[in-house]
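This report describes selected features of one protein chain, part by part. Please keep the sequence and the structure in view while reading.

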Amino acid sequence: MLLCFSSSHRSAALDVVERLERRADEVTARLSEPVPGVDGSVILSTCNRFEVYLDVRDAAADASSWEAASTRLADTVAAATGLARDEVRESGILLHGEAVAEHAISVASGLESIVVGEGEIAGQVRRALEGARERGTASRELERVFQLASRTSRGVKNRTELSSAGRSVVRLALDMAETRITDWAQTRVLLVGTGRYAGASLAALRDRGVTDVRVYSRTGRAATFAASHDIAAVPVDGLEQALADSDVVVACSVAPRVIVDAALLASARALPGALERRLIIDLGLPRNVDPEVSMVPDTELLDLETLRAHAPLPELGATDEARTLVDEALAEYRRATAEDAVTPALVALRAHVFDVLDGEIAWARKRGDATPETEAALRHLAGVLLHGPSVRARELAAEGRAGEFADAVTALFGVKPAAAHPVAELRPAAGRDVDAERDETAS
């Protein structure tokens, strides 16, 4: 059974998503350890999205199983992030079964982004799966879903106009900045960070004619990034002066804390020769820039909350085309999972038939009645007789009636397909009694 906890700009304020994103490494580390009953996990953490995908063994696909497993997933996220279960549930949505696949495919295709059709998300989804592979947590079912999601995202990009109708978060921010910039060619820009959006930000700036760009990194990576992108690097202790000398600041670091605050900016503004006005674009989540900087005179801040409020509507036709591709991918997923559902019963039936056949052939050999030709003919006959039930089994599975076929095999032949594993008990963080803590807080 697939489960997904998703917290994004669609379900929560970005400051709440930020709180979860800050603890993404802890969630990842926790789910990298063997968890009884959990076959795999994938963590997708971006600037406006935090999602946990689990492949959990289940005994029955009924409502109580879904709810119990979803509660345990919420507890798992809560234990790893330090949030209460209710806080987790309120900050996102819990999906199970086929809805998880549909969601992952839609996310990878850019249909769930702040800017519908943005290009960055497809790569982020692909890297999430690669990370799970490296940790050894990419189960067969998660591989199927994420590979299908990536393949569908390529189809959306190549066969629809959605990617051109929508814009990336970086380009949307720069589009919104157009009215504040007189001449991009004369604009002095500071990149803060060498993280997920630094390269995309630099490319978008150059498309607008910007030539004066410097990069700052608190971890000392600026020199390497600058050398590979042919721009200037700011020393680790040079941020204040760099802020003073810049018209536009684009913050795109993956640092889990604020890098530019109001005090630093006010101090920079007071330096001799400092520019009077500046625009700051904060693409970081967690935030790279303290919202209080907007209180510094002659400073304007564009952050992800602002971008979300002004994200453009995509072209409806392009979105409809993309949705059609998502629906086709979901139908493909249904067919594949339907065959999986009926496979144990088919395997059990085939094994039973051929075991009986092997026994009869062995008895015939003892009597001296068997010839190679006869044995081959009998095996062929068994295969022909099994073909009809195999076809019907897949038809029933496609109709959601795989259980009827399994029951029929058991009733007619006394053969019981292999049993599924029970729903996992997702353990709380080591050394913590989550329920006890919750009761204590409530009292």
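## Basis and surface patch

Patches are made of residues with over 30% relative accessible area and no salt bridge, like charges being joined within 9 Å and nonpolar side chains (Val, Leu, Ile, Met, Phe, Trp, Tyr) within 5 Å. A salt bridge here is a side-chain nitrogen of Lys or Arg within 4 Å of a carboxyl oxygen of Asp or Glu, and accessible areas come from the Shrake-Rupley method with a 1.4 Å probe, where for residues only the protein chains shown count as cover. The model is predicted, so local features need pLDDT of at least 70 and side-chain atom pairs count only at pLDDT 80 or more, while totals for chains, interfaces and linings use all residues. Residues are numbered from 1 along each chain as its sequence is written, and side-chain values use heavy atoms, with hydrogens and water left out.

Leu-378, Leu-381 and Leu-385 make a nonpolar surface patch of about 280 Å². Leu-378 lies in helix 16 (residues 372-398); helices (H or I, at least four residues) and strands (E, at least two) are DSSP runs, numbered from the N terminus. With a relative accessibility of 35%, Leu-378 counts as partly exposed, a class between buried (under 20% relative accessible area) and exposed (over 50%), computed with a 1.4 Å probe and protein chains only.

Strand 9 (residues 278-282) is largely enclosed by the rest of the structure, because 5 of its 5 residues are buried. Arg-278, Ile-280 and Asp-282 point one way from strand 9, whereas Leu-279 and Ile-281 point the other way. In a regular strand the side chains alternate between the two faces of the sheet.

Two strands pair if DSSP finds at least two bridges between them. Strand 9 pairs in the parallel sense with strand 8 (residues 248-251) over 4 bridges, and Val-250 stands opposite Ile-281. Strand 9 is also joined by 4 bridges to strand 10 (residues 299-302), again running parallel, with Thr-299 as the bridge partner of Arg-278. In the loop between strand 9 and strand 10 lies Met-295, which counts as exposed at 64% relative accessibility.

An open sheet is formed by 4 strands in the order 2-3-1-4, with antiparallel pairing. Strand 2 (38-46) and strand 4 (93-96) stand at the edges with a single partner strand each, so one side of each is left without a neighbour in the sheet. Strand 1 (residues 2-8) is joined to strand 4 by 4 bridges, and Ser-6 stands opposite Ile-93 in strand 4.
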